[in-house]
Amino acid sequence: MIPRDIVVLTKLPRNERGKVDRGALPPPPPRPAPEPPRGLTEMALHQFWCDILGLESIGRNEDFVELGGDSLAAAKMLAEVHHHLQLEVTTAMLAEAPTIALFAQRIESAAKERSAKATGATLVPLRPGTGTPIFLIAGAGSLATSLTPMVRAISTVRPIYAIQARGVETRGRADHSIRAAARRAIADIRSVQPHGPYQIGGYSLGGFIAVEAAARLTTAGETCGIVTVIDSAFVPALARRLRGERVGVLSRARAALRSLTAEDDTLPDRTGDAAAKPAAPLPQRIVQQVGLHALMLTAGLVPLPTALQWVVFFSLGTRMIGRHRPSPFAGPIAVIRSRTNSDDPDLWGHLTSGEVEFADVSGDHISMIRAPYATETARALEAVLARTDGPA
């Protein structure tokens, strides 16, 4: 019921009966073309705002509230920013900076402040406790704190640590393979717990790293409990390799061509619910892919805008999964899947000769570790922990 346009008249035109002559009403004046966003952070905000407010385009200097944003829309938008960009943003910040241009400046300032306070550590304690620690590895592009809502919902006295990628928060060369990331994760784990039994898990990319780390630890003579994998998704290249299909030069070339002609997104969509968007012109796609490839080669070494940093590390993680060649593992794996996960469950049998069990929880890939769905995911994780040999 909110009007799109308001036209002020000195008086309303009326017909011979004295009623408003709707046909004689002047058309609304043409709306000025919205000023497009500048830079990737503004582009990311533009996508969030359009999706939440139900608009096709928003000018970078248009006010969120004047566009129809209420408290619920603001809460949804802030949650998107927090999850994708790993920044604490508040409604007060939105009130003081109600446009895309101003809010993007606040986001970049908050990111610089966070980087200034960051220690550069890849191991982050999320909860103190006693007994055998739990180690959870974060997803591609995500900080360790992205797992906080789920960790808070876990009822355990054990200490819980999260592991994030090197270079995602402060300067440091990122790992470019799951095996390298697993070696780094093992070093972090052993800095807290020199010997097993270990309790390891991971979300998204972190699930593959957790299984690889467990394989290497058991090869070294250590003991690992059930490895918990939280909605880790197989990319087509890895799925074909695990099935024994050849992934040759032609297959990689076709995949590269598909990436150039794919639908354009400001940020990668991980829910599967986003509406299709028209692809950018092929020359533009080529330039974007070449630029992204260069940024992935130097991931973590060159300071980037917050949204671009997320895209680079997310894309690097996807590439790492596609190129992964798992080490032999004989231990049990528990896979906690979102209800939107459409992977073939038999693929997990190629990562271990041990038992694989599954638990499906509410939400999609992103929302399953957010409130309120994070509580159900935490319950599923607790059920796995209850069957380990370590103290609960």
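Predicted model: local features only at pLDDT ≥ 70, side-chain atom pairs only at ≥ 80, totals over all residues.
Residues are numbered from 1 along each chain as its sequence is written, and side-chain values use heavy atoms, with hydrogens and water left out.

**Strands**

Helices (H or I, at least four residues) and strands (E, at least two) are DSSP runs numbered from the N terminus. Buried means under 20% relative accessible area, exposed over 50%, and partly exposed in between, with a 1.4 Å probe and protein chains only. Strand E4 covers residues 199–203, and five of its five residues are buried. Gln199, Gly201 and Tyr203 point one way from E4, and Ile200 and Gly202 point the other way.

Two strands pair if DSSP finds at least two bridges between them. E4 pairs in the parallel sense with E2 (residues 134–137) over four bridges, and with E5 (residues 227–230), also parallel, over three bridges. Gly202 stands opposite Ile137 and has Val229 as its bridge partner in E5. Gln199 in E4 is the bridge partner of Ile134. E2 is also joined to E3 (residues 160–163) by four bridges, again parallel, and there Phe135 is partnered by Tyr161. In E2, Ile134 and Leu136 point one way and Phe135 and Ile137 the other, and all are buried.

E4, helix H7 (residues 205–219) and E5 make a right-handed β-α-β unit. Right-handed here means that, with the strands pointing away from the viewer, the path from the first strand over the helix to the second runs clockwise.

A cavity is a set of points on a 1 Å grid over the protein atoms alone where a 1.4 Å probe fits but cannot get out; lining residues have an atom within 4 Å of a point. Grid points are joined across faces, edges and corners, and a volume is the space filled by probe spheres set on the points. The count comes to three cavities of 30 Å³ or more.

| Cavity | Volume | Lining by class |
|---|---|---|
| Largest | about 220 Å³ | 13 nonpolar, four polar, three charged residues |

Ala, Val, Leu, Ile, Met, Phe, Trp, Tyr, Cys and Pro count as nonpolar, Asp, Glu, Lys and Arg as charged, and the others, Gly among them, as polar. Of the 20 residues that line the largest cavity, the closest to its centre are Gln164, Ala165, Ala181, Leu205 and Ile209. H11 gives the most to this lining, with four residues. The lining of the second largest cavity includes Phe208, Val211, His324 and Leu351.

Helix H11 (residues 306–322) has 14 of its 17 residues buried.

**Backbone features in loops**

The peptide bond from Gly196 to Pro197 is cis, with omega near 10 degrees, and Pro197 lies in the loop between H6 and E4. A cis bond also runs from Ala371 to Pro372, with omega near 0 degrees.

Ser204, in the loop between E4 and H7, has a positive phi near 60 degrees without being a glycine. Ser204 counts as buried because its relative accessibility is 13%. Asp231, in the loop between E5 and helix H8 (236–242), has a positive phi of about 55 degrees and is buried at 3% relative accessible area.

Notes:
1 Å grid on protein atoms, 1.4 Å probe; cavity = no way out; pocket = protein on both sides within 12 Å on 5 of 7 lines; lining within 4 Å.
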